[in-house]
Amino acid sequence: MADSPWPALALQIAYADVAWTVVIAAALLAMLPRRWYATRARAWAAAALLVLGVALALHGVAGGAASQALGLAFAQPSGLLSLLAAASLARAVAAAASSGSGSVATAPVLPTPWAWGLAAAGVVFALDTVNVLGWELYRLGLPGSPWAAGIAVALAVGAIALARWPRQRVAALALGGALALHAVLGLPTGNLWDALFDPLLWAWAVGAAVRRVFMR
């Protein structure tokens, strides 16, 4: 357990490097034509090359400060986004490895109810941030807030319950992992909400929700 509820700066920097590498690599893999990683060997190679290439690129820009620059522009990836991105990479490799066997679930890494919930939460937080609502929700997630522990426990119980359902399992495990990262290490910033939400995750959620409406 960390001595302070706020993560050390070195730990935040290390987390940012890893998180941005995984998130960017997963996004790039998702944009590649499916045929480029349609077999086990191609999928492993594509995932490994993207992770390595992104990591080298991040450390080769501005003396390794690229992750911090991205964090200033977009906020650091939440634990939930980082773990969902890692799951997306793993899912692509697993799907290629079992191509044709039908053994890999086709449920999206970010299920539709989660996408709608995160999209709605982003709107609420945005309105509260500009003081339209005046609830000061962000303060509830700060270390020492009497609400933070209760919210985290409730979400952990929800994650355990949702993990029983195959189509919800990946997202539920990612939620549980994000809560654990926050509880043990305080990552990414010490505020509970930053472990569960960020602008890029909101953009992913909105895109997924809208896309699935038109795919019906």
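## Residue I160

Helix α7, which spans residues 146–162, contains I160. In this predicted model, I160 has a relative accessible area of 63%. Because exposed means over 50%, I160 counts as exposed.

V184 lies 24 residues away from I160 along the chain.

## Confidence

For the protein chain, the mean pLDDT is 88. A value of 70 or more is reached by 91% of the residues.

Residues 100–104 have a pLDDT below 50. Leaving aside near neighbours in sequence, this stretch makes five contacts in the model. Where pLDDT is low, predicted coordinates should not be read in detail.

## The largest pocket

The largest pocket holds about 670 Å³ of space. Its lining is made up of 23 residues, and those closest to the centre of the pocket are A30, S88, P108, V109 and R211.

Three helices each contribute at least two residues to this lining: α1 (9–31), α4 (79–97) and α10 (199–215). The greatest contribution comes from α10, which gives seven residues.

By residue class, the lining of the largest pocket has 16 nonpolar residues, along with three polar and four charged ones. Among the residues closest to the centre, R211 counts as charged because Arg belongs to that class.

How values were computed:
Residues are numbered from 1 along each chain as its sequence is written. This is a predicted model: local features need pLDDT of at least 70, side-chain atom pairs count only at pLDDT 80 or more; totals for chains, interfaces and linings use all residues. Side-chain values use heavy atoms; hydrogens and water are left out. Helices (H or I, at least four residues) and strands (E, at least two) are DSSP runs, numbered from the N terminus. Buried means under 20% relative accessible area, exposed over 50%, partly exposed in between (1.4 Å probe, protein chains only). pLDDT is the predictor's confidence in each residue, from 0 to 100. Contact means heavy atoms within 4.5 Å. On a 1 Å grid over the protein atoms alone, a cavity is a set of points where a 1.4 Å probe fits but cannot get out, and a pocket is an open set with protein on both sides within 12 Å along at least five of seven lines; lining residues have an atom within 4 Å of a point. Grid points are joined across faces, edges and corners, and a volume is the space filled by probe spheres set on the points.
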